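Hello! Here is the structure I promised to pass on to you. Have a look at it first, and then read my notes below.

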Amino acid sequence: MKNIIFRADENLIEEARIMAAREQTSLNAKFCSWLENYVQGQKRTEDALELISDLRSRYSTSGHNFTRDEMNDR
């Protein structure tokens with residue numbers, strides 16, 4: 001694992017440490033969790049946009065705008 005250094009207001013850091021302790025974890029563990037979610041969130045966004053692009057290339061509505069009833073018709 002790699003170490004990194006951040007600068008933040010010392011009062012904010014202390015409050016974050018207290019909150020983490022209440023959750024029975026460490027500030028480092030909370031940051032690692034946040035970092036993982038941040039990266040995964042970006043990946044999910046990219047995957048969704050890729051899927052939309054793929055679907056658009058395979059399917060066409062030929063410019064037809066569907067009505068609400070048409071979209072809900074089963």
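This is a predicted model: local features need pLDDT of at least 70, side-chain atom pairs count only at pLDDT 80 or more; totals for chains, interfaces and linings use all residues.

Residues are numbered from 1 along each chain as its sequence is written, and side-chain values use heavy atoms, with hydrogens and water left out.

Helix α1 itself covers residues 10-22, 13 residues in total. From first C-alpha to last, α1 reaches 19 Å, close to the expected 18 Å (1.5 Å times one less than the number of residues). At its start, a side-chain oxygen of D9 comes within 2.9 Å of the backbone nitrogen of N11.

Now the whole protein. There are three helices and zero strands, in the order α-α-α (helices are DSSP runs of H or I with at least four residues, strands runs of E with at least two, numbered from the N terminus). The protein is more spread out than a compact globule, because its radius of gyration is 23 Å, well over the 11 Å that the globule rule gives for 74 residues (taken over C-alpha atoms; the rule is 2.2 Å times the number of residues to the power 0.38). Its C-alpha atoms fill a box of roughly 60 × 30 × 20 Å along the principal axes.

How much of the protein is buried? Buried residues, those under 20% relative accessible area with a 1.4 Å probe and protein chains only, make up 1% of the 74 residues.

Happy exploring!

Conventions: Buried means under 20% relative accessible area, exposed over 50%, partly exposed in between (1.4 Å probe, protein chains only). A polar contact is a pair of N or O atoms within 3.5 Å; within protein, one must be able to donate a hydrogen and the other to accept it, and residues adjacent in sequence count only if both atoms are side-chain atoms.
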